[in-house]
Amino acid sequence: ERRAKAKDQNVVRMILAYDDYFIKYVNHPVVMQYIREMLGRKVSLSSQVGVLNHASETTVISHVWHRDLQYQHFVCSKRLAAQALFCIDAFTPESGGTLVLPGSHKFAEFPSDKYILKHQVQLSAPAGSAILFDSMLYHRTGQNVGKKVRRGINNVYTAPIIQQQISY
């Protein structure tokens, strides 16, 4: 009830704490190869979140453009964080695939509505795949107009300069 009041009922934080099953999403060898190419050899798992996008349900995360280094509105010459969004179910326009603003990780200020309408892209990916991107890229969950819940697991990896959100 408290999570619903906070409009956070479709987000499962630190899913590693619930079951060791989710460890395979932390250190997936192919994903980690790309994460290390993006961030360098030493990285930390900053957060792991399960996201449920229910059919025909409007949630806070489906409407709010955000960065996963929350409240950080600056740009940096080096990448500080990257994420792997694992598609448990297919990400499609019907299931509410994630929308991104390409290039938005390169500017500090949130863009205008005109820019958003012109440049937003809805990502599609089959179940079992992972979408990797800079955590400073503005993104949001799409509206699920299908009949089934769309599930994903979002891992945010950071350079050692950023403190982990997870306490092991």
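Biologist: In what order do the three strands of the open sheet lie?
Modeller: In this predicted model, the pairing within the open sheet of three strands is antiparallel. Its edge strands, each pairing on one side only, are β5 (121–122) and β7 (139–140). The order is β5-β4-β7.

Biologist: Which residue of β7 is the bridge partner of Val100?
Modeller: Strand β4 covers residues 99–100 and runs antiparallel to β7, with two bridges joining them. For Val100, the bridge partner in β7 is His139.

Biologist: Do the buried residues of helix α2 lie on the same side or on opposite sides, and what arc do they cover?
Modeller: Helix α2 (residues 29–39) has the buried residues Val31, Met32, Ile35 and Leu39. In an α-helix there are 3.6 residues a turn, so residues three or four places apart point the same way.

Biologist: Which strands do the buried residues of α2 pack against?
Modeller: The face turned away from the buried side of α2 carries the exposed residues Pro29 and Glu37. The buried residues of α2, for their part, pack against β3 (81–87), β6 (130–134) and β8 (150–158).

Biologist: What is the phi of the residue that follows α2?
Modeller: The residue after α2 is Gly40. Its phi is positive, near 110°.

Biologist: How many aromatic pairs does the count come to, and are the rings of Tyr21 and Phe22 stacked or edge-to-face?
Modeller: With ring centres within 6.5 Å as the rule, the count is five aromatic pairs. The ring centres of Tyr21 and Phe22 lie 5.3 Å apart, and because their planes stand at 85°, the pair is edge-to-face.

Biologist: What is the angle between the ring planes of Phe107 and Tyr115?
Modeller: Phe107 and Tyr115 form an aromatic pair with a centre to centre distance of 5.7 Å. Phe107 is partly exposed at a relative accessible area of 26%, and Tyr115 is partly exposed at 23%. Their pair is edge-to-face, and the angle between the planes is 85°.

Biologist: Which residues do ring pairs link into a cluster with Tyr21?
Modeller: Tyr21 is partly exposed, at 43% relative accessible area. The cluster that ring pairs form around this name also holds Phe22, Tyr25 and Phe86.

Biologist: Over which ring does the charged end of Arg150 sit?
Modeller: The charged end of Arg150 is 3.9 Å from the ring centre in question. A distance within 6 Å is required for a charge to sit over a ring. The ring belongs to Phe91.

Conventions
Residues numbered from 1 in each chain as written. Predicted model: local features only at pLDDT ≥ 70, side-chain atom pairs only at ≥ 80, totals over all residues. Heavy atoms only, no water. Phe/Tyr/Trp six-rings, centres within 6.5 Å; stacked < 30°, edge-to-face > 60°. Buried < 20%, exposed > 50% of the residue type's maximum accessible area, 1.4 Å probe, protein only. Lys NZ or Arg CZ within 6 Å of the ring centre and 35° of its normal. Helix = DSSP H or I, 4+ residues; strand = E, 2+ residues; numbered from the N terminus. Contact = heavy atoms within 4.5 Å. Pairing = 2+ DSSP bridges.
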